[in-house]
Amino acid sequence: MLTDDEIRQDLDDLRDIVAAHKAPGTPLATHTQIINGQQYDVFSSIPRNLGELYDLALEQANETFLVYQHERYSFKETLNMARRLARVICDDYGITRGDRVAVCARNSPEWCLAYMATTLLGAVIVPMNSWWQGAELEYGLKDSGCRLAFVDEARRQQIARFAEAHQINIVVIKPETDTRYPEFYDLLNGIEPLTNAEVAALEVSPEDNASIMYTSGSTGMPKGVLSTHRNITNALYTWKFVKEITEILRPELVEENPEFQPAILANVPLFHVTGSHAQFLASFVYPRKFVMMYKWDPEQALQLIEAERISVFHGVPTMTWEIMKSPRFDSTDLRSLRGVQSGGAPRPPEHLGMMLEKFPAAAIPGLGYGLTETNAIGAIISGQFYAAKPHSTGRPTPPVTSVMIVNDAGQDLDQGEVGEICIKGPTVMQGYWNQPEATAAVIKNGWFHTGDIGKLDDLGFLIILDRAKDIVIRGGENIGCAEVEYAISEHPAVSEVSVYGIPDDRLGEVPVASVMLLENQALSEEQLKEFLKSRIAAFKVPERVYFQYEQLPRIASGKIAKKELRRQIIAKIH
């Protein structure tokens, strides 16, 4: 394990490597640019838009790219279908620059193609949470103003009536019953792909809007995070930059694996930035095979790692924990693995010790910190740094991202002082869709205020301590406590409610609720969960509910003492 002195020496070396790697004339050179009145460092020579990113597919044209169950498509076939679909949605549905197109479906090749076709045109893709229920899906479609939605069968049944009432066109992915809506692949029959000249004529700029991804915050309904092509491409090339400088710094950790094609297991939902960015879109940059799972299953994951020779296992920490606990783990051939990475939630340090013991030495562990609002960029740690600093989430991601810790007055704090974590860089969102006040509350002078509480230690490693925002992160899924509280308070037997998170060995934390019932009213946990089933997604429903008839405890301001409730419940169950 590295000592602090060895880490300091490595960091000195790393500074020189970063400076050389981003210098003018290098593939990952950077320059300063004014965007929205703020100065940022940005990559100079990367694809200008996502369409140019997809063209990188032709460098590995005949290699396998999309894999899903029995379906397999090469890079060339994928790009061809995406360009054909782009022609269809432009000519038949009138989708042009700036129009919003939703994809409401589980992971599938069609999800990827819908994303590619939409962004090729300069239209805005809206990946919607496939765990949402009808009312939540309707909210997302209405809030984003979508004109077209790609949906699988389960989502079609939930939104068809709403979509018709609001004149939203529907295309169905793998329909299970006869339907009067167009089927995805039927649209592509006899269609020629957009030509290079036609794509170039679209003139999609780096500052054009590319996506709206919904994220649960501390108040009300989820907010739409609006990002441009530059926001997304700079995130993708940040990971490439980090990978390359890490290999230069620690060449002894780089074990070439010519026997197997590089491949990543797509084991998280594509509607998250981890799935859409770090897994799917980054597979054009490297390039690598993208093997999709319909839904998470640790036994199937191990089977796919062996069968598809997966080189990168990347998901929320819970997933790594579950495959290590699987009875199949020890008998699975893991020789192809070169990275076991996580994001979306903290990883308990004890998980890391087990990973270092159980995975092959060539499978380097890693952890990243980022948010939907930053396109998953913030801090990153791997290898020996991670082994030496298991409580940290890494150092600010070079070369275009900065991290600052501020106090309540917004003043920059010294290393070791605790405050709110702020992130600045070209990957930070443009703002919350149609919510200028909410945007102004979190983006100040180009800095995104995350709502997370932490500090930078004396070596510049970021340590996350708490969240200022009222959210629970359950296995990588953000849950806005206020949204769950609103749903529970709609029950006629409820007087008041408080929702908060408690620790959980498998999922990191889970939501629980303390509920004050009205006098002479009765309500069981099962009844309340059944009531919530049609109102909020299943992952948001509290794991446990504690009922009482007396008022919930208050702090001096009169607000419910949520931290005290949480402390009491943790003490009770332990």
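So, is Glu490 buried or exposed? Glu490 counts as exposed, at 52% relative accessibility; by the cut-offs here, buried is under 20% relative accessible area, exposed is over 50%, and partly exposed is in between, using a 1.4 Å probe and protein chains only.

Quick housekeeping. This is a predicted model, where local features need pLDDT of at least 70, side-chain atom pairs count only at pLDDT 80 or more, and totals for chains, interfaces and linings use all residues. Residues are numbered from 1 along each chain as its sequence is written, and side-chain values use heavy atoms, with hydrogens and water left out.

Back to Glu490. Its salt-bridge partner is Arg535, with the closest N and O atoms 3.2 Å apart; a salt bridge here is a side-chain nitrogen of Lys or Arg within 4 Å of a carboxyl oxygen of Asp or Glu. Glu490 sits in the loop between helix H15 (481-489) and strand S26 (494-504), and Arg535 in the loop between H16 and S28, so the pair ties together parts 45 residues apart in sequence. Helices (H or I, at least four residues) and strands (E, at least two) are DSSP runs, numbered from the N terminus. Arg535 is partly exposed, at 32%.

Now Glu136 and Lys540: their side chains meet in a salt bridge at 2.7 Å, N to O. Glu136 is in helix H5 (residues 134-144) and Lys540 in the loop between helix H16 (525-532) and strand S28 (544-548), so this pair ties together parts 404 residues apart in sequence. And here both residues, Glu136 and Lys540, are buried.

Last one: Arg8 bridges to Asp458, closest N and O atoms 3.6 Å apart. Arg8 is in helix H1 (residues 4-21), and the two are 450 residues apart.
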